Amino acid sequence: MENKDENTNDLNFDARIPLADLQKAVADIRQELAKVIIGQDNFIELLIASLLVDGHVLIEGVPGVAKTITAKLFAKTLKTDFSRIQFTPDLMPSDILGTSIFNVKSSEFEFKKGPIFSNIILIDEINRAPAKTQAAMFETMEERQVTMDGTTYKMESPFMVLATQNPIEQEGTYALPEAQLDRFLFKIKVSYPENEEEILILKSHHERKGALPQTKVKDILSPAKLKTFKAQIQDIVVEEKIFKYIAEVVSKTRNHPHLYLGGSPRASIATLNSAKAFAAVNGRDFVTPEDVKKALVPVLNHRVILTPEREMEGMSTESVIKMITESVEIPR
């Protein structure tokens with residue numbers, strides 16, 4: 001009985017990091033989005049986690065499942081700038097990054113910044129732009145800067161790219177390079193709603209009486225508060241067994257018979273950062289194996305590639321990731 005009491009006391013310790021403000025901000029963001037977005041709880045949680053660890057998100061789903069509107073409303077809950085770029089096959093890098101324009105008065109070239117110079121950037125149908133335009137995004141997404149005519153322009157914090165793509169209609173699209181996919185923290189697959197959720201969607205649309213969804217959502221989180229929350233997440237405690245667990249799962253993707261390409265060390269780091277964010281959102285200042293498991297599919301499903309044989313059989317990357325996760329012993 002004595003040991004049991006000691007264990008109970010251990011579980012009821014005070015958090016070393018004050019996470020109450022972070023939890024309240026997350027709850028408020030969810031509450032604002034719930035005014036318009038029905039269901040999609042996992043989608044919203046992944047967006048919030050990505051924001052807290054400076055990640056970018058690739059959102060995949062068929063047209064009409066609220067990919068774009070969720071991303072737009074999520075951006076509206078933040079007191080930051082927002083820009084939307086529609087990718088098309090004729091889009092050039094200068095249309096995104098900006099271009100140098102000759103100023104007649106000063107007789108010098110001036111750099112006119114493109115729409116990428118914002119805080120939250122929504123890229124619609126990212127796979128419709130050609131390789132040259134995709135390549136222009138590499139430096140911006142990874143190093144958060146744009147180099148133009150020998151001058152480097154830093155992006156303001158926060159900087160987050162939310163990109164959507166349609167997995168069905170492939171005509172006129174370009175597959176994203178693996179190097180670019182690796183720069184997205186998560187790939188979120190958005191599916192059709194359940195029948196009950198669809199009824200609620202219809203009721204919600206009816207009750208808005210034509211009012212735009214954007215008018216229903218208020219901004220919640222300031223850049224200063226977000227910066228504080230990000231610093232708190234860096235202090236989340238991670239035990240040695242969690243490092244080993246992440247490394248073992250990612251390592252197994254590299255020599256699995258069903259996979260042609262496994263996860264890189266960047267995938268391990270992304271898993272660790274995501275797990276820390278999930279822990280903080282749930283009010284814990286330490287990472288558990290459950291936090292890691294929650295991160296594995298969205299972190300790995302765009303970073304691993306199935307062998308041609310398994311792809312022809314209709315196997316999915318998610319099923320292989322779950323298979324690998326189940327084969328690794330959960331640390332206790």
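Hello everyone. Let's begin at a loop: P158 is found between β7 (151-154) and β8 (160-165). Helices (H or I, at least four residues) and strands (E, at least two) are DSSP runs here, numbered from the N terminus. The peptide bond that joins S157 and P158 is cis, with omega at about -5°.

A quick word on what we are looking at. This is a predicted model, where local features need pLDDT of at least 70 and side-chain atom pairs count only at pLDDT 80 or more, while totals for chains, interfaces and linings use all residues. Residues are numbered from 1 along each chain as its sequence is written, and side-chain values use heavy atoms, with hydrogens and water left out.

How many of the residues of β8 are buried? Six of its six are, and the strand is mostly covered. Buried means under 20% relative accessible area, exposed means over 50%, and partly exposed is in between, using a 1.4 Å probe and protein chains only. Which residues of β8 point which way? M160, L162 and T164 point one way, V161, A163 and Q165 point the other way, and all are buried. In a regular strand the side chains alternate between the two faces of the sheet.

Let's step back to the sheet. It is an open sheet of five strands in the order β2-β5-β8-β1-β9, with parallel pairing. Two strands pair if DSSP finds at least two bridges between them. The edge strands, each pairing on one side only, are β2 (82-86) and β9. From one strand to the next, the twist averages 20°; axes are lines fitted to C-alpha atoms, for helices over the stretch in contact, and angles run from 0 to 180 degrees between N-to-C directions.

β5 and β8 pair in the parallel sense over four bridges, and the bridge partner of I120 in β8 is M160. β1 and β8 also pair in the parallel sense, over four bridges, with E60 standing opposite Q165 in β8. Then β1 is joined to β9 by four bridges, and these two strands run parallel. In β9, I188 is the bridge partner of I59.

E60 comes up again, now with a charged partner. A salt bridge is a side-chain nitrogen of Lys or Arg within 4 Å of a carboxyl oxygen of Asp or Glu. E60 forms one with K187, with the closest N and O atoms 3.2 Å apart. This pair links distant parts of the chain, with E60 in strand β1 (residues 57-60) and K187 in strand β9 (residues 186-189), 127 residues apart. Are E60 and K187 buried or exposed? Both are buried.

How many salt bridges does a search of the whole structure find? The search finds 16. Another one of them pairs K294 with E45, the closest N and O atoms being 3.1 Å apart. K294 is partly exposed, with a relative accessible area of 32%, whereas E45 is buried at 13%.

E313 and R310 form a salt bridge too, with the closest N and O atoms 2.9 Å apart. E313 counts as exposed at 54% relative accessibility, and R310 as partly exposed at 22%. Salt bridges that share partners also join E142, D182, R266 and R303 into one network.

Let's return to α12 and look at its neighbour in a helix crossing. The axes of α12 and helix α14 (residues 317-327) come within 10 Å and cross at roughly 145°. Which residues make the contact? On α12 they are K293, L296, V297 and L300, and on α14 they are E318, I321, K322 and T325. Contact means heavy atoms within 4.5 Å.

Q40 is not a glycine, yet it has a positive phi of about 55°; Q40 sits in the loop between α2 (20-34) and α3. E125, also a residue other than glycine, has a positive phi near 55°. E125 lies in the loop between β5 (120-124) and α6 (131-143), and at 25% relative accessibility it counts as partly exposed.
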